[in-house]
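Student: Could you help me learn how to read the features of a protein model, step by step? I would like to start from one residue and then widen the view.

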Amino acid sequence: MTRKNFQFTSESVSEGHPDKVCDRISDEIVDLYFREGVKAGIDPYQIRVACETLATTNRIVIAGEVRGPNLGAGAVEDAARAAVKDIGYEQDGFHWRNANVEILLHAQSADIAQGVDALGNKDEGAGDQGIMFGYACNETPELMPAPLYYAHKILKNLSDARRSGAEKHLGPDAKSQVTVRYENGKPVEATQIVVSHQHTDESLSSDDVSRIVRPYVEKALPAGWITPKTVWHINPTGKFFIGGPDGDCGLTGRKIIVDTYGGAAPHGGGAFSGKDPTKVDRSAAYAARYLAKNVVAAGFAERCTIQLSYAIGVARPLSIYADLHGTGHIDEGKLETALMDVMNLSQRGIREHLGLNKPIYARTSAYGHFGRQPDADGGFSWEKTDLASQLRGLVS
């Protein structure tokens with residue numbers, strides 16, 4: 001039986017966290033190839049990007065495999081510098097203008113390409129094998145787990161304040177963590193709150209940073225969640241002046257739990273950032289979230305986990321699994337059949353249904369790939385709930 005009374009914790013990191021700087025740069029490269037590919041008249045279904053970024057003290061290394069427009073190293077370097085500038089890094093040890101940028105991109109392997117590309121009667125295959133999970137629950141209006149949703153919201157509030165100039169002493173690098181107490185299966189209060197935030201004035205103490213940060217935390221959390229018993233940890237180690245890749249080396253793909261469900265659901269293991277949507281690590285994880293969210297939005301369950309599995313070069317999923325965690329009102333086997341009916345879950349089918357062949361990825365690189373509002377240009381299309389009524393018709 002599912003536990004009803006417990007505490008659960010999730011963390012988030014800001015766009016200035018070293019790993020998130022790398023995620024942002026890698027996703028900017030994906031967007032660059034789609035944007036410039038369209039200008040060059042290249043079929044977006046033929047564009048391939050698998051881009052990894054490493055960042056450390058005034059050094060950025062970009063490596064990986066690409067296919068598409070013939071972009072020089074200068075265009076890639078400009079995209080990387082623009083990303084770092086937008087994040088806000090102008091420190092002596094990590095500056096958008098002064099960092100050494102090394103580009104190590106090369107053509108995609110022909111062996112991989114032959115498995116992915118459509119040829120004759122062969123449909124486009126998945127870019128790799130793997131398992132992907134999607135999850136949704138009714139703990140928040142966005143159908144996300146509460147601890148992660150509010151950990152993201154805290155940092156987004158602080159980022160907005162920093163970018164607007166309202167908080168001039170905050171730096172780009174930050175982390176948050178929220179422990180939520182559940183009663184009868186529902187989130188009711190925050191028992192522990194952790195925020196570590198970089199500051200640009202070296203003289204600031206933890207108490208000084210706490211006075212800046214606490215109002216934004218209080219604004220982020222639901223009324224009544226902060227109580228006299230809530231324990232606060234603001235910059236618990238003291239000074240946090242040196243931040244970003246100057247303080248800690250960053251690498252693409254090291255914050256996969258932050259990117260997804262904060263540990264409340266399984267993760268297949270594959271990172272998202274830096275990958276075009278032929279990589280099912282990304283596109284099928286988006287599809288699985290889309291399906292799970294529509295199941296909960298349709299009122300079939302309070303919680304839903306969807307698993308999809310793929311093999312490299314094989315177009316359609318090998319399996320689909322739905323788990324309603326004992327909260328469902330329908331047969332899960334029947335639901336699995338209905339999900340296959342409402343969406344073509346081949347690699348190409350996902351890209352078509354969700355409109356993924358677009359420069360929409362840089363915006364996903366911080367504050368979660370899920371629980372966001374769909375954008376007018378197609379960004380976060382996997383957050384729509386437009387399948388709910390169709391699902392009701394199929395399984396009612």
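Student: Leaving aside its neighbours within four places in sequence, which residues is Leu345 in contact with?

Tutor: This is a predicted model, in which local features need pLDDT of at least 70 and side-chain atom pairs count only at pLDDT 80 or more, while totals for chains, interfaces and linings use all residues. Residues are numbered from 1 along each chain as its sequence is written, and side-chain values use heavy atoms, with hydrogens and water left out. Contact means heavy atoms within 4.5 Å, and beyond its neighbours within four places in sequence Leu345 is in contact with Ala287, Leu291, Leu308, Tyr310, Ala315, Arg316, Pro317, Ile320, Met340 and Ile350.

Student: Which residues touch the most other members of the largest nonpolar core?

Tutor: In soluble globular proteins, nonpolar side chains tend to be buried together. A nonpolar core is a set of buried Ala, Val, Leu, Ile, Met, Phe, Trp, Tyr and Cys residues joined through side-chain atoms within 4.5 Å, where buried means under 20% relative accessible area, exposed over 50%, and partly exposed in between (1.4 Å probe, protein chains only). Here the largest core has 106 residues, and those touching the most other members are Ile306, Leu308, Tyr310, Met343, Leu345, Ile350 and Trp382. Helix α7 (residues 280–297) gives the most to this core, with 11 residues; helices (H or I, at least four residues) and strands (E, at least two) are DSSP runs, numbered from the N terminus.

Student: Is Phe380 buried or exposed, and where is Phe380 found?

Tutor: Phe380 counts as buried, at 3% relative accessibility, and is found in the loop between α9 (347–354) and α10 (388–395). Although Phe380 is not a glycine, its phi is positive, at about 55 degrees.

Student: And what of Asn184, is that residue buried or exposed?

Tutor: Asn184 is exposed, with a relative accessible area of 56%, and its place is in the loop between β8 and β9. The phi of Asn184 is also positive, near 55 degrees, in a residue other than glycine.

Student: By class, which residues make up the lining of the largest pocket?

Tutor: Its lining has 8 nonpolar, 7 polar and 6 charged residues, where Ala, Val, Leu, Ile, Met, Phe, Trp, Tyr, Cys and Pro count as nonpolar, Asp, Glu, Lys and Arg as charged, and the others, Gly among them, as polar. A pocket, on a 1 Å grid over the protein atoms alone, is an open set of points where a 1.4 Å probe fits, with protein on both sides within 12 Å along at least five of seven lines, and lining residues have an atom within 4 Å of a point.
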